[in-house]
Amino acid sequence: MPSKSMMSTSKDTEKVDTNKTLPPIAQTKSSNLTDLQKTVGNQELARIAEEEQFGLTETEFYTIYETNLYKPLKSEVLYKFGVGRSAFRRSKKLNDFRQTMKDAARAQASEDIATHLDSNSSLAGNSNISKQFNSMLANKEAHSQSKVSVNSIMEKESDRILHKLVPEDTAVQQLKQAALASVSSSTLKEKDKKKKAASSAKDKAKDLLERFKEPAINEARIIIKGDQSAGAAEPNQVKVDDMTKEVKGQVTLDQIGEKALKKVIETDSVNSGLSKIAPIINSAVPYDGDSASLDFELKIPVSSGVFVSIGLGAEAEKDDGHMTIGANIAVGAGVSAGITDVAVKLGMFIEAKGSSVQSSLNLVSYGMYRNMNAGLPSLAQRLWGKGGLSGKSRLEEAELWAATVEAREMEDTENYVDVGQSLSASAEIETGIYSGEFELSGQRYTKYSKESFETIPDLLFGENTETTLDALTQKSTRMNQLKTYKKLSASSSTELTLPGVTLAFSAEGAITFFDRALEQLEASISVDLPGEIAGFSAWETIVEEAIPKVISATAKIQKLIQAKNTTSTGQTNNVQDARMKALQEQLENKASELTTMLSEATETVDPETGEVESVVEKDSGLTLNFGLELGFKDGKSGDWKIEFDITKSSSIKIETPFLSLELEKSRKLMSASRGKKDGQIEKELNFYQS
């Protein structure tokens with residue numbers, strides 16, 4: 001209920017029918033009531049006398065006024081102002097009027113955002129591109145919230161209209177007169193008197209509602225469309241201008257811009273929608289050296305021996321504090337002929353390396369945007385923009401987001417995202433004791449990284465991005481000038497199953513070209529130790545404990561040998577002998593533990609048939625991998641790297657004639673490498689956390 005103190009107390013009743021057929025309160029049989037009301041000191045006695053007369057309290061009359069007259073009447077006026085009505089249900093002039101109000105509100109919110117952007121302490125030190133991105137997002141957030149302030153002014157104007165047409169005190173007085181008339185000559189009991197008085201007051205409120213509904217609505221109509229009864233067909237511009245100023249003030253009072261900016265800063269809105277899967281990836285690969293992968297393939301027979309396939313794959317790997325995430329999708333067709341399957345597949349892939357899981361996911365989103373923007377710019381800008389709700393075009397919104405990702409994620413020169421297509425041909429052979437797979441594939445992809453951006457002359461990216469519409473439009477187009485990489489690779493894997501043991505070998509080689517020039521050569525050879533041996537933790541113990549201690553002990557012994565000036569030869573030899581003896585005992589103990597574990601190994605063999613045939617296969621193993629990378633620049637060899645690592649893997653595979661699903665989790669136990677980067681020799685030896 002509007003506060004009585006805030007309502008008009010005007011006694012101007014020219015527009016209110018006082019219903020003079022009803023006896024005024026001063027003329028009732030309670031002749032001393034008027035005298036009591038005139039005496040300030042006896043106001044409470046007057047209130048009590050009035051309550052006894054009507055059976056209703058003052059508060060109850062005002063409640064009837066609010067519930068049965070004021071609120072319904074205000075709803076009609078607000079509806080005329082477009083509150084609660086969608087745009088398609090409004091007239092053109094009403095839509096124009098509301099658009100004027102909303103434009104004013106959003107302009108004021110934008111001004112307030114700019115003011116707080118410069119003064120916000122949490123943005124101190126942020127780059128210009130970061131501030132502009134936050135400003136854009138805050139304006140988008142304020143776009144919808146500004147309507148709250150507009151509707152607040154519509155409510156205030158509705159209150160003014162009603163206070164003018166139906167002053168609160170005058171309306172309540174008429175409700176009392178109606179109530180008095182219904183009970184003044186009756187001998188009803190107190191309870192019945194109150195009920196009848198309330199019913200009469202409500203009927204009077206309903207009568208006043210019907211009487212003043214159209215005049216109240218017309219007051220709103222005059223503001224929006226003009227006073228048609230006076231021949232005016234245009235809005236009341238003076239009133240519109242006044243309300244526009246009020247809307248701006250209300251926006252600042254409601255802190256629309258300030259709250260929008262605060263929300264944007266707190267939610268770190270540069271992160272893509274892919275951030276929802278970040279916790280899953282983090283839990284799958286929590287430590288350096290960890291990796292996980294998923295491969296799914298569906299084979300659909302179309303005729304005898306012929307099938308089409310749909311494949312999905314995803315992988316994540318954490319190493320040296322960086323996270324690499326990849327995904328691919330492929331469709332293909334193939335032929336099954338006895339022990340051989342031959343297939344051809346066409347697919348798309350994306351791979352991103354970032355400083356964290358979220359960094360990699362932002363780069364995945366960035367790569368998807370750039371790739372789509374090259375072919376379907378309007379769709380890309382629709383998906384990565386903010387719908388133009390920030391006051392900027394969708395292209396500006398999408399490119400500001402992209403520039404922010406560049407500034408945040410690509411200053412690290414190791415970070416990148418590759419997006420491209422692949423074509424492969426493969427053959428699988430499986431006999432009783434032998435199985436093998438051979439694949440030839442070609443990839444064509446674009447690399448988005450700081451290094452690749454620098455190949456485009458005068459391209460401004462990241463922090464240096466120019467943010468005018470023309471500059472962002474040109475940048476969006478120039479990004480398509482990045483030259484593509486072409487990669488040819490061949491791989492083979494062989495598995496030989498012998499009684500009690502399975503041996504597996506794989507080899508892979510790849511050659512990469514950039515702009516038709518040789519860019520890189522890669523080769524690797526892997527050996528999978530039998531699961532019956534590799535599945536035991538003794539290997540981890542030896543790699544994680546024995547080998548580091550051997551290296552540590554050797555280093556200490558070497559230092560002791562070199563310290564001839566402080567230790568006699570005899571003493572040095574004694575120390576050497578003691579340490580070597582302790583190390584020998586330790587290795588013998590580890591070997592003994594391994595022998596014991598091996599002796600306890602059992603084969604998962606069906607006791608009746610001697611074979612295992614299961615749709616679900618579980619496996620674990622130890623992989624020894626040797627790799628070589630050789631880079632080229634301007635036709636000459638440049639950086640190179642030789643690496644050796646030991647990895648423990650566990651996997652589960654579900655395979656039927658039509659479906660294949662494999663999940664694998666791996667963890668490096670150790671890695672060693674040597675190479676040259678930027679002219680400097682680098683060596684690394686790492687042991688990874690359990």
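Which residue forms a salt bridge with Lys-239, and how far apart are the closest N and O atoms? In this predicted model, the partner is Glu-157, and the closest N and O atoms of the two lie 3.3 Å apart. Lys-239 is partly exposed, at a relative accessible area of 22%. Glu-157 is buried, and its relative accessible area is 4%. The pair belongs to a network of salt bridges that links Glu-157, Arg-160, Lys-239 and Glu-246.

**Salt bridges**

The structure holds 26 salt bridges. Three of them are set out below.

| Salt bridge | Closest N and O atoms |
|---|---|
| Lys-239 with Glu-157 | 3.3 Å |
| Asp-207 with Lys-204 | 3.7 Å |
| Glu-399 with Arg-370 | 2.8 Å |

Asp-207 and Lys-204 form a salt bridge within one helix: both are in helix H7 (residues 190-225), and because they are three residues apart there, about one helical turn separates them. Asp-207 is partly exposed, with a relative accessible area of 32%. Lys-204 has a relative accessibility of 7% and so counts as buried, the cut-off for buried being under 20%.

The salt bridge between Glu-399 and Arg-370 has its closest N and O atoms 2.8 Å apart. Glu-399 lies in helix H13 (residues 394-409) and Arg-370 in helix H11 (residues 357-375), so this pair ties together parts that are 29 residues apart in sequence. Both Glu-399 and Arg-370 are buried.

**Helix H8**

Which residues of H8 are buried? They are Val-240, Met-243, Thr-244, Val-247, Gln-250 and Val-251. These residues lie on the same side of H8, because they cover an arc of only 125° around the axis. Val-238, Lys-245 and Leu-253 are exposed, on the other side of H8.

**The second largest pocket**

The second largest pocket contains about 710 Å³ of space. Its lining is made up of 28 residues, and those nearest the centre are Ala-314, Ile-325, Gly-326, Ala-327 and Ile-350. Several elements give two or more residues to this lining: helix H10 (278-284), strand E1 (290-303), strand E2 (306-319), strand E3 (322-337), strand E4 (340-354), H11 and strand E12 (659-677). Helix H11 also holds Arg-370, the partner of Glu-399 described above. Sorted by class, the lining of the second largest pocket has 22 nonpolar, four polar and two charged residues.

Thr-67 has its place in helix H3 (residues 58-80). With a relative accessibility of 46%, Thr-67 counts as partly exposed, because exposed requires over 50%. Where does Thr-67 stand relative to Ala-205, in sequence and in space? The two are 138 residues apart in sequence, and their C-alpha atoms are 9.1 Å apart in space.

Methods. Residues numbered from 1 in each chain as written. Predicted model: local features only at pLDDT ≥ 70, side-chain atom pairs only at ≥ 80, totals over all residues. Heavy atoms only, no water. Salt bridge = Lys/Arg side-chain N within 4 Å of Asp/Glu carboxyl O. Buried < 20%, exposed > 50% of the residue type's maximum accessible area, 1.4 Å probe, protein only. Helix = DSSP H or I, 4+ residues; strand = E, 2+ residues; numbered from the N terminus. 1 Å grid on protein atoms, 1.4 Å probe; cavity = no way out; pocket = protein on both sides within 12 Å on 5 of 7 lines; lining within 4 Å. Points joined across faces, edges and corners; volume = space filled by probe spheres on them. Nonpolar A, V, L, I, M, F, W, Y, C, P; charged D, E, K, R; others polar. Arc of directions from axis to C-beta.
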